[in-house]
Amino acid sequence: PDGHLYVADRGNGRIVALPDVDGDGVADGQVVLAEDLDQPHSLVHHQGSWFVGVPSGVIRLRDTDGDGAADERETIIGDIPPGGNHRTRTVEFLTDGRMVLSVGSTCNVCEEEDPRRAAVVVYDGPQGGGEAIFAGGLRNAVGLAIHPETGELWATNNGRDLMGDDVPPETVYIVEEGGDYGWPYCHSGDVVDPEFGGPDACQDVVQPVAQMQAHSAPLGLAFYDGRAFPSEYWGDLFIAFHGSWNRTEPTGYSVVRLPLRGSEPQGPVEAFATGWLDLEANNASGRPAGLAVGPDGALYVSDDKGGFIYRISYHGGGR
């Protein structure tokens with residue numbers, strides 16, 4: 001709300017603000033909103049508070065005296081199982097005021113005992129009551145975003161491993177309430193799992209909005225609601241590819257763009273920001289993780305390997 005960029009610094013267990021008071025595109029410093037947090041992964045500002053996703057659920061932070069540091073801290077959700085392969089938790093608010101939390105699976109592929117794993121969980125509001133499963137069968141929906149025009153909940157999803165270099169595709173979904181997205185029986189809408197699937201595994205599962213290169217590891221996503229980029233970018237979706245760890249030839253390590261008209265893709269994803277991956281050296285200098293569009297219309301990209309926040313702005317001749 002103050003126009004500054006706020007960041008969940010997961011490795012250091014804190015939330016920091018990065019003010020750019022002089023507007024030169026470089027942060028003036030780091031202001032710690034809260035520290036001593038357990039692996040904070042996501043944050044969203046809602047009704048005067050910050051809601052932070054941590055492995056066990058959601059914490060609410062408030063800065064009541066306006067000094068830049070949170071003086072109130074409250075656990076809203078604290079009983080999500082924190083263990084397993086996927087420990088990030090992403091919190092978001094639907095347009096009707098309900099709060100949702102994405103919880104990844106405990107494993108690569110298995111049948112979960114807790115229905116809240118590999119799912120998006122929904123709560124009545126910011127107080128966290130009325131817990132229910134909003135949608136299931138999402139192996140690891142790290143990124144959540146609200147479409148600025150339709151109010152739909154969109155998500156990235158990381159597909160299972162150990163099925164080869166190119167299967168199953170990574171996906172972006174519109175998350176429908178009550179929807180089944182297939183995991184662990186069906187992947188990417190049409191790929192039957194060789195261990196858990198059967199002839200009807202992909203019947204009635206929700207289909208993805210887009211399929212992308214397997215093992216790209218899509219994390220953060222952001223709709224471009226600014227006006228500083230050329231008009232052909234307005235309303236498009238940007239996706240952060242964290243990059244592969246188990247592919248013969250590495251892939252990902254980039255930011256891609258999905259051209260949209262409303263909610264309809266106008267083509268496949270295309271490269272937008274690259275250069276972190278050196279294929280000849282088989283090494284990556286950075287791994288894009290989070291995305292945000294600033295009030296200045298720039299796109300901000302977090303890199304959790306290099307430890308940087310990048311600001312991507314547009315300076316066009318007469319455009």
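In which loop is P184 found? P184 lies in the loop between β14 and β15 (186-187), where strands are DSSP runs of E with at least two residues, numbered from the N terminus. The peptide bond from W183 to P184 is cis, with omega near 5 degrees. A cis peptide bond also joins V167 and P168, with omega about -10 degrees; P168 is in the loop between β13 (153-157) and β14 (170-175).

The model is predicted, so that local features need pLDDT of at least 70 and side-chain atom pairs count only at pLDDT 80 or more, while totals for chains, interfaces and linings use all residues. Residues are numbered from 1 along each chain as its sequence is written, and side-chain values use heavy atoms, with hydrogens and water left out.

A217, which is not a glycine, has a positive phi of about 60 degrees. A217 is found in the loop between β17 (210-212) and β18 (218-223). With a relative accessibility of 12%, A217 counts as buried (under 20% relative accessible area, 1.4 Å probe, protein chains only). N282, also a residue other than glycine, has a positive phi near 55 degrees and is located in the loop between β24 (277-278) and β25 (283-284). N282 is exposed at a relative accessible area of 54%, the cut-off for exposed being over 50%.

Conventions:
Helices (H or I, at least four residues) and strands (E, at least two) are DSSP runs, numbered from the N terminus.
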